[in-house]
2 protein chains.
Amino acid sequence: MNAQASADSVGEIRALMRKLGQAAVAATAPLALSDTATRNRALLAAAAALHAHSAQILAANEQDLHAARDAALSAALLDRLKLDAARVAAMVRGLEEIAALPDPMGSVIAEWSRPNGLVIQRVRVPLGVIGIIYESRPNVTADAGGLCLKSANPVILRGGSESQHSNAAIHACLLEGLKAAGLPAAAIQLVPTVDRAAVGEMLSGMGEYLDVLVPRGGKSLVARVQAEARVPVIGHLEGNCHVYVDRDADAHMAREIVLNAKMRRTGVCGAAETLLIDRAAPPALQAELVQALLAAGCEVRGDEHVQGIDARVIAASAADWQTEYLDAIIAVRVVDGVDAAIAHIAHHGSSHTEAIITANMATAERFLARVDSAIVLHNASTQFADGGEFGMGAEIGISTDRFHARGPVGVEQLTSYKYVVRGAGQVRPG
Amino acid sequence: MNAQASADSVGEIRALMRKLGQAAVAATAPLALSDTATRNRALLAAAAALHAHSAQILAANEQDLHAARDAALSAALLDRLKLDAARVAAMVRGLEEIAALPDPMGSVIAEWSRPNGLVIQRVRVPLGVIGIIYESRPNVTADAGGLCLKSANPVILRGGSESQHSNAAIHACLLEGLKAAGLPAAAIQLVPTVDRAAVGEMLSGMGEYLDVLVPRGGKSLVARVQAEARVPVIGHLEGNCHVYVDRDADAHMAREIVLNAKMRRTGVCGAAETLLIDRAAPPALQAELVQALLAAGCEVRGDEHVQGIDARVIAASAADWQTEYLDAIIAVRVVDGVDAAIAHIAHHGSSHTEAIITANMATAERFLARVDSAIVLHNASTQFADGGEFGMGAEIGISTDRFHARGPVGVEQLTSYKYVVRGAGQVRPG
């Protein structure tokens, strides 16, 4: 990273990125035409390489951690950056799971014929060249590389400078996998410079090569990408997630789910940020929820009613209902039943993930039908908002986008979808 | 339209458009929660109103035509603007067809369960508030209004100033339909001013209210929307469509399809703009194709080989391979077989719609698999690129976008789709 980047170096970065773009485009057809078995062979060979080279990967990661400590990066960032045997094993397992998934490519999504004899099929095809810009967590290199390979899309990965050595070591294993299967190395490219000009190029200089951009990182990265990008972006906006505890909730289940949704990991997009409690819920349950959160080390910001439950509750301001804390802080409000909870979520939510806890099936179905979020859950923790937990092997992010269409846009294409998850008290371990 | 639009009037337009936006958002929940029968009742009542008020609609259209003739608009534009009994009847039929379509809303697209007992469903939901900006053709008012109503999305329609009276008369019928079914009038709103500031507001001032924008009109409108819009756009880019006539084509079928693909209507996005002829095709067929186009009044711009066929063929320049003429002009090139045709399309095409004419099934499948366009056809005319012809009742446009996703983005979400159409020589009548 050169603080004195000159016009020359910007020109060099531009030329470098164009070369990556051209190589990715050249890999499009060979990948799209490769068969399932070949791509799976590459995934499994890459998994084997990751396993075989664990020691090198951990050594490379130690280099990154050393530099990060020297730069006095935060403990949270060091944790995201750090690899250990278990995390390498998780990457290996992730690639194996992706290999085991059915191949979406070429499958016939719909088929019909017309009175004039035309037979029309809608079939799956790759998206095209994907650019991914991410930060800190080196496992994204393996997850994103694997997902793009399975879906037959060339990918250009631009990881954070703080994880450059780890990313390079992981990428080398992915290349081994591609080579073993006879697939082009340009199927998974890692931008070989940490110069920030490369990010600018991906945002606005590579429209000719990139079909879609995925920002995977903090709010400022996502905001920059959404503002500057000249190619379609898989938006991954805020997760201001809600848990609503209804009057008919099982008290034990409510307590377990609320604690898990907020505290299992506070820095993920599926972490609960606001707890809504039904005014008609038993006072003992209301108190138990608030006190369990406080006891777990969570700061509670509540409305007047909630402040009356425990002296440690801080007064919530209007801004609290809008805030994605990504921290051990929660806003708590008492509402008049499920419809008021739905109205609160419609007004303050970010349409990401919301859960209702109730034993009343009619109330649950009302919530699931009327809350317009990408994921709505009944009797389960919002922390299940994760591709791996959905059985997708891994994910590249949680999209809060609503729409798409290719070809004629008729009634069906004017719809979106959401995920409805029905549980029996499940919380997410680990 | 006031050429001296003052700051005051801009302020008024802004206030007006905000009011439309708020009303549309307020209609979101009642529409989303309305049942199929109610929405279909509104569609059929609107169709009946259109039929009953044909005379008023044609009188309003005459006002628009009168003003258009005074303004010396082109014959092509007058044709797009003009309504007659047959075109009103087509709008009525369009609404009836939309009513007859299955209701996509609430349907379960996929369902699975996880080892921890969670049951996950992906269900269809409305997109949200849709804004549509269109030009000239008043039937878009009925088609787009009907499609959005069926899919339970509030819509804000902004038609061209040249068709304002026609649009208002048609919109009044749609409102009758909504009223008859007890649905909110704000489900289908027509911007009540032709001030161009309203378009600017829709592009960049209504992000708070609009979930997606659809530009439906000429290249300059689409380009402006893509450049200025602050909300997602259903892109509807150029249709630089190709027909490839293979060595194994049936001569009669090739001639009929080529003529139809180019000349049935030259101003639609599915019109063929480039004809690729296999060098190994019989010279008599090559000559027949070129001469049939010339005889039909089409200007032919060819490579050297094609110029040798007929003295009337003009030399094609490099720009011709990239051009969407939307006129009675075609670029013709001889290529070395199907792979050269695929390569030409990959280099010059716009990924919209391409057709192959051949009796060789292996060659056809190679083309269908390898050409990466929204629609690929075998032995059928590119003019079938139309939602109505696909059995969708109507369409709001042909999207050349590739991607979307909501919720976790895994392997399946990293794919797009295309339409593969297999025919037996079908050409599009009318």
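Modeller: Happy to! Let's start with strand 7 of chain B, which is covered on both faces: Cys241(B), Val243(B) and Val245(B) are buried on one side, and His242(B) and Tyr244(B) on the other. Buried here means that 20 or more other C-beta atoms lie within 10 Å of a residue's own; exposed means 12 or fewer, partly exposed is in between, and the C-beta atoms are placed from the backbone. The strand spans residues 241-245, and five of its five residues are buried. Helices (H or I, at least four residues) and strands (E, at least two) are DSSP runs, numbered from the N terminus.

Please keep in mind that this is a predicted model: local features need pLDDT of at least 70, side-chain atom pairs count only at pLDDT 80 or more, and totals for chains, interfaces and linings use all residues. Residues are numbered from 1 along each chain as its sequence is written, while chains are lettered from A and ligands numbered from 1 in the order in which they are written.

Strand 7 of chain B has strand 8 (residues 272-278) of chain B as a parallel partner, joined by five bridges; two strands pair if DSSP finds at least two bridges between them. One of these bridges links Cys241(B) to Ala272(B) in strand 8.

For a view from strand 8 of chain A (residues 272-278), take Leu276(A), which is part of that strand. With 24 other C-beta atoms within 10 Å, Leu276(A) is buried. Beyond its neighbours within four places in sequence, Leu276(A) is in contact with His242(A), Tyr244(A), Arg333(A), Val335(A), Ala341(A) and His344(A); contact means that the C-beta atoms, placed from the backbone, lie within 7 Å.

Back in chain B, helix 10 (residues 251-263) has 13 residues and reaches 18 Å from its first C-alpha to its last, close to the 18 Å expected at 1.5 Å a residue. That expected span is 1.5 Å times one less than the number of residues. The buried residues of helix 10 are Met253(B), Ala254(B), Ile257(B), Val258(B), Asn260(B), Ala261(B) and Lys262(B).

Chain B also has an open sheet of four strands in the order 5-4-3-6, with parallel pairing. Strand 5 (188-190) and strand 6 (212-216) of chain B are the edge strands, each pairing on one side only. On average, neighbouring strands of this sheet are turned by 20° against each other, direction ignored. Strand 4 (residues 155-158) and strand 5 of chain B run parallel and are joined by three bridges, and Ile156(B) has Gln189(B) in strand 5 as its bridge partner. Helix 6 (residues 139-150) of chain B packs on the sheet, touching strand 3 (130-134), strand 4, strand 5 and strand 6, and its direction makes about 170° with that of strand 4. Helix 9 (residues 219-228) of chain B packs on the sheet too, touching strand 3 and strand 6, at about 160° to the direction of strand 6. For such angles, axes are lines fitted to C-alpha atoms, for helices over the stretch in contact, and angles run from 0 to 180 degrees between N-to-C directions.

Chain A has an open sheet of four parallel-paired strands in the order 5-4-3-6. Strand 5 (188-190) and strand 6 (212-216) of chain A stand at its edges, each with a single partner strand, so one side of each has no neighbour in the sheet. Strand 3 (residues 130-134) and strand 6 of chain A run parallel over five bridges, and Ile130(A) has Val212(A) as its bridge partner in strand 6. Helix 9 (residues 219-228) of chain A lies across strand 3 and strand 6, running at about 160° to strand 6.

One helix pair deserves a look as well. In chain B, the axes of helix 3 (residues 54-70) and helix 7 (residues 164-180) come within 7 Å and cross at roughly 160°. That makes helix 3 of chain B roughly antiparallel to helix 7 of chain B; angles under 35 degrees count as roughly parallel, over 145 as roughly antiparallel, 65 to 115 as roughly perpendicular and the rest as oblique. Among the residues that meet there are Ile57(B) and Ala60(B) in helix 3 and Ala168(B) and Ala169(B) in helix 7.

Notes: Contact = placed C-beta atoms within 7 Å.
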